[in-house]
Amino acid sequence: MANKSLKERVYGFFKKDSAAGMMLLFATIAALIIANSPLGDAYHHMLESHIVLGISDLVIDKSVHHWINDGLMAVFFLLIGLEIKRELKYGELSSVQSAILPAVAALGGAILPALIFYGFNGGTDLMNGWAIPVATDIAFVVGVLALLGSRVPIWAKVFVTAVAVVDDLIAVLVIAFFYTEQISMGALGIGAICLLVLLYFNYRGVNKLSPYMIIGFIMWWAVLKSGVHATIAGVIVGFAIPASRGWSLERLTEYAQEGFELFQQAADEKLPVTKEQALHHMDETLEHAESPLHRLEHKLHTSVYFVIMPVFAFANAGVVFDPEVMGQAIVSPLTWGITLGLFFGKQIGIFGSTWLLTKLGFSGLANNKETWKVVYGVALLAGIGFTMSLFIANLSFDPVEQFNLLEFSKVGILLGSLVSGLLGYYFLSRAPEFGAETQQPFDVPEGKAGGEAV
């Protein structure tokens, strides 16, 4: 009974909205402890050990660290591609009016951190890290919002999710255009052919996920060999997955009814229909009831947020607190450009853009004290860069030749994210709890119910 109770507690933990953020936090703390313990050398040796995959000229020989950052994170970016496409097609970014606020807020929250970084590092060799403070870690932010419960209204959670989706899109474009090595046109050509095949599958309404995944893997391999960062392949595959289900509602209803009849027939031993046939029919009904995009998104969510992202955090957050390195980091403009970019750049960029759009009458937000408290708290939390910031830091500075610069970057990321997260949590925790009647942020004309989503 005790064992069952433990299973229930574990299952309950992973069902919480805050679970993904907590897993990232645990992985980060574990990496920091191990990197600064007697196991530190073994930790770094494990990350630098090599794994070889392939045959002949198709061999990819990378360290464990690279396989995590270029391989596992491609799956993370695949999920990002799916989420961006879903939001553009059905969500908060599906119309110009609903997309204006999160798009402009995210843009402001990306430009200002980059400008702050430039103010500290402009004209130096450190400018390669300008994009490190640009991105927000949505898993951490959603985790903090979940811990705050009803003190954060639903509209704020929708708003920050939409901002994060645009923020991810900006990060993807930055990686594609500014962090690309020398390009191999042959490998890129293979990637282009794979893209055409994926688009053909989409055009033909292929509903099975396996053809997309097989061609997507070949595309990832080609893009990795081409010099363009391999994670971009994940985003492209995500955009190629169909977002519409192949069957109409009427056909689904008819097919489901046939399945129900098969179950009834299977109960009669005199008839040749088996339960396995009825179950297979029902499985096919469920498969066509949901679009390939939604099916894949659901399949990836658990593995990405509870395995891939924690593994990435464990592999990249292990800063060694060497007194000499820490002393250099504290006085380095690289560290402060990132820290202040995340802390001040994000909150001022997002809050300032939202305030300006509201004053100009484009946001639909209610212009009152309670709304602005929530917007400012959410803008503070957006300074948690962590996962994407660490990812871009690894693209910006070579972990061998520029080891100290990468360590300075990690210190800046951890410091900026920690301060932003703690102050954001504190600020929002001081707000009153929001009941159902105060969940609506918009100025709704008298006599009208509901309102327009952010």
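## Exercises on a predicted helical chain

Ser 353 touches Val 104, Ala 105, Gly 108 and Ile 348, with residues up to four places away in sequence left out; contact means heavy atoms within 4.5 Å. The model is predicted: local features need pLDDT of at least 70, side-chain atom pairs count only at pLDDT 80 or more, and totals for chains, interfaces and linings use all residues. Residues are numbered from 1 along each chain as its sequence is written, and side-chain values use heavy atoms, with hydrogens and water left out.

### Exercise 1

Determine where Ser 353 is placed, and whether Ser 353 counts as buried or exposed.

Solution. 
- Step 1. Ser 353 belongs to helix 15 (residues 333-359). Helices (H or I, at least four residues) and strands (E, at least two) are DSSP runs, numbered from the N terminus.
- Step 2. Buried means under 20% relative accessible area, exposed over 50%, and partly exposed in between (1.4 Å probe, protein chains only).
- Step 3. Ser 353 has 14% relative accessibility, so Ser 353 counts as buried.

### Exercise 2

Solution. 
- Step 1. The buried residues of helix 6 include Phe 140, Val 144 and Leu 148.
- Step 2. Elements against which these buried residues pack include helix 2 (19-35), helix 7 (154-178) and helix 18 (403-429).

### Exercise 3

Identify the residues that touch the most other members of the largest nonpolar core, and examine Phe 77 and Phe 386.

Solution. 
- Step 1. A nonpolar core is a set of buried Ala, Val, Leu, Ile, Met, Phe, Trp, Tyr and Cys residues joined through side-chain atoms within 4.5 Å.
- Step 2. The largest such core has 121 residues, of which Phe 76, Phe 77, Trp 220, Tyr 305 and Phe 386 touch the most other members. Helix 7 gives the largest share of this core, 13 residues.
- Step 3. Not counting residues up to four places away in sequence, Phe 77 touches Val 172, Ile 175, Thr 231, Gly 234, Val 235, Met 388 and Phe 391.
- Step 4. Phe 386 is in helix 17, and its 3% relative accessibility is why Phe 386 counts as buried.
- Step 5. Phi of Phe 386 is positive, near 30 degrees, in a residue other than glycine. Most residues other than glycine have a negative phi.

### Exercise 4

Describe the largest cavity by its volume and lining.

Solution. 
- Step 1. On a 1 Å grid over the protein atoms alone, a cavity is a set of points where a 1.4 Å probe fits but cannot get out; lining residues have an atom within 4 Å of a point. Grid points are joined across faces, edges and corners, and a volume is the space filled by probe spheres set on the points.
- Step 2. The count is 1 cavity of 30 Å³ or more, and the largest cavity has a volume of about 90 Å³.
- Step 3. Among its lining residues are Phe 76, Glu 83, Asp 137, Ile 138, Tyr 305 and Met 388.
- Step 4. Helix 4 contributes the largest share of the lining, 3 residues.

Conventions: On a 1 Å grid over the protein atoms alone, a cavity is a set of points where a 1.4 Å probe fits but cannot get out, and a pocket is an open set with protein on both sides within 12 Å along at least five of seven lines; lining residues have an atom within 4 Å of a point.
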